[in-house]
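Subject: Structure handover

Hello,

Here is the structure you asked to take over. My notes on it follow below.

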Amino acid sequence: MTLPNLITIGRLFLVPLVVVMIINGRWQMAFIAFVAAGISDAVDGFLAKRFGMASELGAYLDPVADKALIVSIYITLAMIGVIPVWLVILVVSRDIMIVAAVILSWVMANPVEIAPFVVSKLNTAAQLIFAALVLGSNAFGIDPGPATQVGQLVVAILTVGSMAAYLAFWLRHMAA
C-alpha cells in the first residue's frame with residue numbers, strides 16, 4: 001500500500017461527502033470537498049510518478065476514484081434539478097459502454113487494454129470543469145450566465161467524441 005494509493009482511497013471517501021453536501025444545499029462545503037478531491041488527484045499522481053510509487057492497484061484505483069466522483073456529482077446534480085438529466089445519461093452511458101466493452105472482450109477471450117485518448121482526457125477535464133462551475137456558482141451565488149449552456153454543450157460533444165473513439169478502437173481490436 002503506497003502513499004498515492006492511500007490518497008486515492010481518501011478521495012473515494014470524499015465522494016459521499018460531496019453528494020451529501022450537495023443534497024443538503026451546503027454548496028460551499030461541496031465545492032471545497034470537490035476541490036480537495038481534485039488536489040488529491042494531482043498529488044497522488046505526482047507522488048506516484050516522481051517518486052516511483054506507481055502501482056498496479058493505483059493504476060486501477062485512480063480512474064475508479066475519478067469516475068466515482070464525476071458520476072456521483074452529475075447524478076446528484078440532476079436529481080436536484082441543477083443540471084439536465086440528458087447530460088447525466090450521456091456521461092454515465094459512456095462509462096458503462098467502456099466497462100461493458102472491456103468485460104465483453106475478456107469474456108470473448110480477446111482482452112482489450114484501454115488507454116485514454118486525447119479526446120477522453122479533454123472530456124474528463126471538461127466534465128470536471130463543468131462540475132466545478134456548477135458547484136462554485138452555487139457555492140458563491142454567482143450567475144454563470146451562458147457559461148452553463150456552453151459547458152453542457154462542450155461536455156456533450158466531448159463525451160460523444162470519446163464514446164466514438166473508444167467504440168472504434170474496440171471494434172478494430174475485436175475484428176483483429
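One definition comes before anything else: helices (H or I, at least four residues) and strands (E, at least two) are DSSP runs, numbered from the N terminus. This is a predicted model, where local features need pLDDT of at least 70 and side-chain atom pairs count only at pLDDT 80 or more, while totals for chains, interfaces and linings use all residues. Residues are numbered from 1 along each chain as its sequence is written, and side-chain values use heavy atoms, with hydrogens and water left out.

**D44**

Start in helix α2, where D44 is found. Is D44 buried or exposed? D44 is buried, because its relative accessible area is 4%. (Buried means under 20% relative accessible area, exposed over 50%, partly exposed in between, with a 1.4 Å probe and protein chains only.) The D44 side chain makes a polar contact with the side chain of R11, at 2.6 Å. A polar contact is a pair of N or O atoms within 3.5 Å; within protein, one must be able to donate a hydrogen and the other to accept it, and residues adjacent in sequence count only if both atoms are side-chain atoms. Leaving aside neighbours within four places in sequence, D44 is in contact (heavy atoms within 4.5 Å) with P4, I7, T8, R11 and D62.

**The largest pocket**

D62 turns up again here. The largest pocket is lined by 38 residues. A59, D62, P63, V64 and P116 lie nearest its centre. The elements giving two or more residues to this lining are α1 (3-23), α2 (27-50), α3 (56-79), α4 (85-107) and α5 (118-139). α3 gives the most, with 9 residues. The space in the largest pocket is about 1,400 Å³.

The terms work like this. On a 1 Å grid over the protein atoms alone, a cavity is a set of points where a 1.4 Å probe fits but cannot get out. A pocket is an open set with protein on both sides within 12 Å along at least five of seven lines, and lining residues have an atom within 4 Å of a point. Grid points are joined across faces, edges and corners, and a volume is the space filled by probe spheres set on the points.

By class, the lining has 20 nonpolar, 8 polar and 10 charged residues. Ala, Val, Leu, Ile, Met, Phe, Trp, Tyr, Cys and Pro count as nonpolar; Asp, Glu, Lys and Arg as charged; the others, Gly among them, as polar.

α3 has 24 residues. Its first and last C-alpha atoms are 35 Å apart, close to the 34 Å expected at 1.5 Å a residue. (The expected span of a helix is 1.5 Å times one less than its number of residues.) Buried residues of α3 include G58, L61, I70 and Y74. The buried residues of α3 pack against α1, α2, α4, α5 and α6 (147-175). G81 follows α3 and has a positive phi, near 80 degrees.

α5 has 22 residues, so 32 Å is the span to expect at 1.5 Å a residue. Its end C-alpha atoms are 31 Å apart, which agrees. Among the buried residues of α5 are N123, Q127 and F130. The buried residues of α5 pack against α1, α2, α3, α4 and α6. Just after α5, G141 takes a positive phi of about 60 degrees.

V91 lies in helix α4. V91 counts as buried because its relative accessibility is 1%. Not counting residues up to four places away in sequence, V91 touches I70, Y74, Q127, V155 and T159.

M97 also lies in α4. Its relative accessible area is 21%, so M97 is partly exposed. The C-alpha atoms of M97 and L167 are 70 residues apart along the chain but separated by 8.3 Å.

T148 lies in helix α6. T148 is buried, with a relative accessible area of 17%. Beyond four places in sequence, T148 touches F130 and L133.

**A109**

Last, a loop residue. A109 sits between α4 and α5. Its phi is near 55 degrees, a positive value in a residue other than glycine. Most residues other than glycine have a negative phi. A109 is exposed, with a relative accessible area of 68%.

Best wishes
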